[in-house]
Amino acid sequence: MTVPDVPAAMVNNQFFDEFTDKVRVKPIPWEGYSRAGLISGDDLRELKEYQQAAAAQANREGKDVAQYMGLLVRLTEKLSSIDALQYLLVQVDDIVEGGQGGGCGEQLQRVMFRCLEKKDDYLGLKASKILVGAISGSSSAAEAEQRGFAYARLFGYLERCMRSELTSVVDVAVQVMQSALRARRARTVLFGEESAQCLAQLIDVLRRTQQSLMQASGSAPRTRGVVAVPQTQYEVVFCLWLLSFERPIAAALDRRLDVIAITAEIARSAVKEKVVRIVVALWANLLRLAAPANVPAMLVARVPACLATLGAGRSFKDEDLRSDLKQLAEELAEHTGVMTTWDEYLNELASGKLAWSPAHRSEQFWKLHIRRMDEHDHRVVRQLADLLTEPTASETALAVACHDLSQYVRFNPDGKRLLARIGAKARVMALMTTSECPDVRYEALLCVQQIMLNAWRN
Amino acid sequence: MSTATRPMNDEEVYSEMNKMVAFIRQEALEKAREIKVKADEEFNIEKAKLVRQESINVEEQFQRKVKQAEVKQRILTSTLINKSRLQVLQARQEMLESVFSDAQEAMKSVPQDEAKYLELLVCLCVQAFVQLNDETVNVRGRKADTALIQRAVEQAVVEYKEKTGKAVKATVVEVSPLPDSVLGGVRVSALNDRISVDNTLQARLDLSSDRMLPQLRNILFGQSPNRKFFN
């Protein structure tokens, strides 16, 4: 038995496959179309020939296949009945999967993109699968095609699919993305401005899987759009892993989307080995390609502890996973080295996720490190002030930031002028009145109190 | 509902087996895909590294070749410049020599004008006497000029007496005349021919050729363009 090669576009969904089988045997009124003049007599004859040849033998010659492909594409362009289109696409997909599609020509692209516009889910998903299958691949001709391919359009369609209520549609869409992201240019496009929504939607799918886990297993109905949770998690993290191979993306990914926190949760609660495997691979990439950007976030999300539990608790069958775990743990240990509380604080600040820890509350901490906050042109103070203005900061982070600023002013009276200068004072006052969270208002009030205290001295 | 499940019949066994096979296959394909992705990335990195390395090499080689070509070019230009300078010098030299030979030709016609030639001879003798500053001198000349030289010497002695107040006894020596190549003029010697003043036309021509080179250069070729000091 020969070992099959990994197909370029791999979609494995029960619903999808069953539908495909049904379409394969559905009778299509070709003669009717021919009579109506939608397809020419020659087309009809060729089609019949191929169908008979297919029934007779399994293999086809290369030239024949190319011609058949051309015929199918032509017919797809001419016809608009959903049934006929589905049948044609199934045939095209078979050829593309067999590896004889011959790249993604302009005509094929045009026709498939038109199918994306039609209202039928199956048609659109099948068309996107064909597109990805045709465009992916590592030959040099494929790379040139990739440069001209309208990935943004494809991602726009897939984004719509991922919003759908139907779990299988979401699943197939994510699987198509998995295959699409094999191409390097696709990754840059997805991370760019045009497809930012698509990426956000992808992460949303991941979040939903976690939420569905939170709900009691078995009793609650499946959360919208989530198939078997582990499989979906695997697929989405696989997409993220593919994205992380590009250095600029690896540096910015966590900042934008908080992936480390989510993946840490997933890794902690995952049952299936392959989910852990892919999460660890993602972290390994992030660390390898963009350590300074990601180490703080990893430390805040307590990744080293998670790795330790994983390494000690379960014995994994996969060698790559075991070696990745060990390597990752060692590298993180190197990076952390000897961490003082101050360094931890800096890490928290860098990752933007401040939380209440004993260090924040203790007066001694502030008294000790008050000078350090002024280093490098008051870098820490400025970071805190920036955090106050960042729109994505969580409420706890805002509250903690206000509290930290108040401690700063308390132990360093000159700080009042600095805060006024960089506009933090105004911001804190605004937060005091307009913020929705009571904690934030409280901390902001305290901070203003500290600023006002003894204000006449300066 | 029966508590014990009945044993599966063949169809069910087959279907279960197929399901398991499909599942294992799927897992294997996924792992294979991961491996393939990693391999692709490594390949890309390696390829980029090799390409960068080679392009640096090619760049270096190119720079080296450019430098070599430059050096060759410079050598060539300087050789050509040298050659042309030599050619210029040679041409100038030839011109100078033609001037001298023309002058020499012209010189030959000087003795033909007897009156003037006589005057000249007198002056030459006086100059020679003054130079030698001796009481006894011998005067030699060309064989053809003997008669003229006699007369000139007599006049010269008188003039010498007028100009300096000294007397000189000048003897014209006829036994060893000067060759014709001197073109004319006299050679005056004293102290038993140990000291002599060569006032022959040829000698004077040679002298002036040498002394007048700067003026000749100026007349023939103009001033040198690089010259800065004129005093």
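Where is Asp318(A) found in chain A? Asp318(A) sits in the loop between helix 18 (303–313) and helix 19, where helices (H or I, at least four residues) are DSSP runs numbered from the N terminus.

Good morning, colleagues. The model before you is predicted: local features need pLDDT of at least 70, side-chain atom pairs count only at pLDDT 80 or more, and totals for chains, interfaces and linings use all residues. Residues are numbered from 1 along each chain as its sequence is written, chains are lettered from A and ligands numbered from 1 in the order in which they are written, and side-chain values use heavy atoms, with hydrogens and water left out.

I shall begin with the interface. In total, 26 residues of chain A are in contact with 18 residues of chain B, contact being heavy atoms within 4.5 Å. The two chains bury about 2000 Å² between them, 49% of it on carbon and sulfur atoms; buried area is the accessible area (1.4 Å probe) that two parts lose on being put together, summed over both. On the side of chain A, the residues that lose the most area to chain B are Val6(A), Met10(A) and Arg182(A), together 27% of what that side buries.

One salt bridge joins Lys274(A) to Glu30(B), with the closest N and O atoms 2.7 Å apart. Among the elements that give two or more residues to the side of chain A that touches chain B are helix 16 (273–289) and helix 19 (319–336). Helix 13 of chain A gives the most, with five residues.

Let me return to Asp318(A). This residue counts as buried, at 11% relative accessibility; buried means under 20% relative accessible area (1.4 Å probe, protein chains only). The Asp318(A) side chain makes a polar contact with the side chain of Lys31(B) at 3.2 Å. A polar contact is a pair of N or O atoms within 3.5 Å; within protein, one must be able to donate a hydrogen and the other to accept it, and residues adjacent in sequence count only if both atoms are side-chain atoms.

Finally, Leu206(A) lies in helix 12 (residues 196–214) of chain A. Leu206(A) is buried, with a relative accessible area of 1%. Beyond four places in sequence, the residues that Leu206(A) touches include Val236(A), Leu240(A) and Ile262(A).

Notes: Salt bridge = Lys/Arg side-chain N within 4 Å of Asp/Glu carboxyl O. Buried < 20%, exposed > 50% of the residue type's maximum accessible area, 1.4 Å probe, protein only.
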